Amino acid sequence: MELKRVVVTGLGAITPLGNDVDTTWANAQAGVSGAGPITHFDASLFKTQFACEVKDFKPEEHFDRKKARQLDLYAQYALVAARQAVTDAGLEEAPEGTVDKNRIGVIVAAGIGGLHTFEEEAGYYAMNSDKGPKYNPFFIPKMIADIASGHISMEYGYHGPNYGVVSACASSNNAIIDAFNLIRLGKADAILTGGAEAAIYPAGVGGFNSMHALSTRNDSPKTASRPFSKSRDGFVIGEGAAVLVLEEMEHAIARGAKIYAEVAGGGLSADAYHITATHPEGLGAVLAMTNALEDAGMKPADIDYINVHGTSTPVGDISEVKALVKVFGDDLKNINISSTKSMTGHLLGATGAVEALFSIKAVQDDIVPPTINHEPDDCDEEIDYSLNFTFDKAQKRTVRAALSNAFGFGGHNATVIVKKFEK
């Protein structure tokens, strides 16, 4: 069968760089760090006392009291980002007869889900077990990682494919690829997709600290996320959400929708190596990127920008660079490389969606956002700095196509490619 073409018609975001797409993108271009001292809880006794939090988010501005009680913070972020995306796409204002809500789906991912809800409820029982169990009736539906998709569908009456995806930090790239495939197979006209996460709480920070995964640069939070630098000492945990509206091309054109970019392909793989560490030679990353290029019918030379997973961990950054060299070879010197996690931190299950959004904006605006916090004398001997790393400042260039990587605990790898739309 002939596969349908899939385009991006709506964007929504709430991130450590801003509570909407325009602010987030402007700050990414400007090289702003979203890091600062943790405010969600008292982190004074933790090894890591900083994070990339969403700023000035007030639930009461978005939800009535009853609704807010039903939503973990991660789902609140997801709903706010989804509302922005739906408005941006004009789905609710589309001409009569051009949108069938039975064919609009929602696939919004989370790597963890309602961690704060779980921590609060389980903590109560652990401390009050002599009184018998006493749980909030919203405990389970607030905690589960698929519930954001459910709430979004209920808000808009979208009856199409609806579920969550969980593949750790690859989750929202997996969600985007699922949405892309369902639409091009004709199973839906449009799908809201992306990811959300809110794990900056004691269990999240403490759990990652115990694994020695987080940076402990408490004296300088804004410079702590420093991908590809020798002095990197772990990732900076972030939070937020990004939601994209993917739509079948002819459907979008018929209703007069604006089109940001086209989704060209997606690739999936597994490292089959370790529960948390990436394959040291980047085997899974190579497969995911190769599969994505093949799916898109593209050659390495067709890519102009790579938004790498680039978490600022000692092992992960090296293995990803090795994978890039294997896939792109000599073409890599003409491709801009950057890690926007240097600014947003690592949003876990939401990170792929935020970075897909940055890739879409890079294609739309012909601007490559930078990797910040790299110093010329802080070079790792295992990284080839003759590659086209975009350090410190955004770069203006034609971006015909962008590739975005996301890798997760368990060895999950997911790569998305977006390109300029040409009818």
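Biologist: How do the residues of the lining of the largest pocket divide into nonpolar, polar and charged?
Modeller: Twelve are nonpolar, 16 polar and four charged (Ala, Val, Leu, Ile, Met, Phe, Trp, Tyr, Cys and Pro count as nonpolar, Asp, Glu, Lys and Arg as charged, the others, Gly among them, as polar). Bear in mind this is a predicted model: local features need pLDDT of at least 70, side-chain atom pairs count only at 80 or more, and totals for chains, interfaces and linings use all residues. Numbering runs from 1 along each chain as its sequence is written, and side-chain values use heavy atoms, with hydrogens and water left out.

Biologist: What volume does the largest pocket have?
Modeller: About 480 Å³, the space filled by probe spheres set on the grid points, joined across faces, edges and corners. A pocket is an open set of points on a 1 Å grid over the protein atoms alone, where a 1.4 Å probe fits, with protein on both sides within 12 Å along at least five of seven lines; lining residues have an atom within 4 Å of a point.

Biologist: New topic: how many residues of H3 are buried?
Modeller: 13 of the 17, so H3 is largely enclosed by the rest of the structure. Buried means under 20% relative accessible area (1.4 Å probe, protein chains only).

Biologist: What comes after H3?
Modeller: Gly-90, whose phi is positive, near 70°.

Biologist: Where is Phe-389?
Modeller: In the loop between strand S11 (367-368) and strand S12 (395-396). Phe-389 is buried, at a relative accessible area of 9%.

Biologist: What does Phe-389 touch?
Modeller: Leaving out residues up to four places away in sequence, Phe-389 contacts Phe-228, Val-321, Ile-337, Ile-383 and Asp-384 (contact means heavy atoms within 4.5 Å).

Biologist: What about Asn-388, which residues does it touch?
Modeller: Asn-388 is in the loop between S11 and S12 too. With residues up to four places away not counted, it touches Leu-332, Lys-333, Asn-334, Ile-335, Asn-336, Ile-337 and Arg-397. The C-alpha atoms of Asn-388 and Asn-336 are 5.2 Å apart, though the two residues are 52 apart along the chain.

Technical notes. Buried < 20%, exposed > 50% of the residue type's maximum accessible area, 1.4 Å probe, protein only. Helix = DSSP H or I, 4+ residues; strand = E, 2+ residues; numbered from the N terminus.
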